[in-house]
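Could you have a look at the structure I'm putting on the screen?

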Amino acid sequence: MTTTVPSHFSRVSFLSNSFIHGSVNFSSSCLLNSNLKLKEQRSSRICNASLITNPEDFEVGRSIGSYGFMNITSYSKYNAGAEDVQYSSNDADRLRVQDVGEGQVKIRLYEGRITQGPSKGTRVIFKVYPGQRAGGTEADMMAANELNAHLFLQSDPKDICKNIQILLGGFETQTGEQWLAFRNDGKYSAADYAKVASDKISKDSLLGEQNFWNPFEQELKIKRRRYFVLRLLQGVMQGLSYMHDHERLHQSLGPASIVLNTIVEKDAAYLVPRLRDLAFSVDLRNSTLEESSGELSDGLWRRASSASAFSPKEKRAFGIADDIYGAGLLFAYLAFIPFCETGIMDALSLQRLLENTFQLDLEAAREYCLADDRLLEAVKFLDLDGGSGWQLLQAMLNPDFRKRPVAEAVLNHQFMNAAVL
């Protein structure tokens, strides 16, 4: 059996914020043009009419942060206790002791709104890709790829998936920056939620028993957390299933690439997770698979070749299984981080534990975690319905890509529908 462990692009959470007081209106004098930059990918023209491409129709508000990408290719030099995959600019040098390649593209985020037309007043989040002078050709390729992926997935207004972020428009500035405007359905990510949940556990641990005057309060709190995480996972897999059914891969799935409309666990019934960050999305249509692969998907198809997946059909199956593996790592992250105190477990150490220490043997990983009281709630969560969580995680992280389930099968798994309240 061939072990094929993908090397995923990992999302980086918000870096230090730099707030802009007031707002900025764009005028035509500061723009090269109001057309979205499509480069050689002109297939999205069919959808341009439905997008807002006039910069004067937008108002830009405060900055809400920035993030980048890093490609983690090996954990051989990783030291336990290192920072989570979500890092600040000051952590970059510390991460370089690992086999980590930090991407050159840094993306800025701003709040904003639409000021004219039928959508006037609609709140948006601007995602700003740097121009070639700052980000090189890679930035333009990523912007064009994300644009085309959203346009393709939104091409039928009667078939829009609620679990994928909605693109409303965009424009290019005189300096070559690509501004993509997404409907503002929330500013928090799954990584933000996990951190808040973990911090609460740490706080409760410091307060001790005095924090829970009601003996049933802690049990109810854990049940709410389990329900929230299950709802989050369901939404992620619904979005991923939609993408796969529509011949698209995500290829950068991670805790910071999931936007949430709420991180309040009591509001779990209203939670709508949405996939974002489609800059590395891959087209799975046969016509595309038969052509030479693009630069952004080179790594995926090299892994496919090493796993003996050469024909379009085999490459498609490998790509879908690769996304499922990424979703499995996200599943593991959400099964552990929100149920552990801050600093006990992080994304990098968890992935290293599963892939390197236990070679994707989840039964052995469970025995290890069971012996650590600090990981007990995470173990209990995956133990639901006779250990169905471990079974699902093992299937999604199966070393043989041919044995991994499709997204629809993950959604229908008993663990995803466990009764926790």
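Predicted model: local features only at pLDDT ≥ 70, side-chain atom pairs only at ≥ 80, totals over all residues.

Residues are numbered from 1 along each chain as its sequence is written, and side-chain values use heavy atoms, with hydrogens and water left out.

So, the overview. The protein has 12 helices and 14 strands. Both are DSSP runs numbered from the N terminus: helices are H or I with at least four residues, and strands are E with at least two. Of its 421 residues, 55% count as buried. Buried here is under 20% relative accessible area, exposed is over 50%, and partly exposed is in between, using a 1.4 Å probe and protein chains only. The protein exposes about 18900 Å², and carbon and sulfur atoms supply 49% of that. Those areas come from the Shrake-Rupley method with a 1.4 Å probe, and for residues only the protein chains shown count as cover.

How far apart in sequence are the contacting residues? Take the contacts between residues at least 6 apart in sequence: 76% of them join residues at least 24 apart. A contact, by the way, means heavy atoms within 4.5 Å.

Now the helices. Please find H4, residues 217-245, and H7, residues 312-336. Their axes come within 11 Å and cross at roughly 170 degrees. The axes are lines fitted to C-alpha atoms, for helices over the stretch in contact, and angles run from 0 to 180 degrees between N-to-C directions. H4 and H7 are therefore roughly antiparallel. For the cut-offs, under 35 degrees is roughly parallel, over 145 roughly antiparallel, 65 to 115 roughly perpendicular, and the rest oblique. The crossing of H4 and H7 is right-handed. That's the clockwise case; left-handed means the near helix is turned anticlockwise from the far one by less than a right angle.

Who makes the contact? From H4 we have Val229, Leu232, Leu233, Val236, Met237, Leu240 and His244, and the H7 side includes Ile320, Ile324 and Phe331. By class, the H4 and H7 contact has 12 nonpolar, 1 polar and 2 charged residues. Nonpolar is Ala, Val, Leu, Ile, Met, Phe, Trp, Tyr, Cys and Pro; charged is Asp, Glu, Lys and Arg; the others, Gly among them, are polar.

H4 also packs against H3, residues 190-207, at about 170 degrees with the axes 12 Å apart. That makes H3 roughly antiparallel to H4. On the H3 side, the contact includes Tyr193, Lys200 and Asp204, and on the H4 side Lys221, Arg225 and Phe228 are among those involved. The count there is 7 nonpolar, no polar and 4 charged.

And H7 has H11, residues 384-396, with axes coming within 8 Å and crossing at roughly 150 degrees. So H7 is roughly antiparallel to H11, and this crossing is left-handed. Among the residues that meet are Gly328 and Phe331 in H7, and Gly389 and Trp390 in H11. The H7 and H11 contact has 10 nonpolar, 2 polar and no charged residues.

Last bit: single residues. Ser241 sits in H4. Is Ser241 buried or exposed? At 6% relative accessibility, Ser241 is buried. Leaving out residues up to four places away in sequence, Ser241 touches Ala407, Glu408 and Leu411.

Move on to the loop between H4 and strand S11, and you'll find His246.

Most residues other than glycine have a negative phi. Glu247, though, has a positive phi near 65 degrees. Gln251, in the loop between S11 and strand S12, also has a positive phi, about 75 degrees. Glu247 is partly exposed at 22%, whereas Gln251 is buried at 8%.

That's my bit, thanks!
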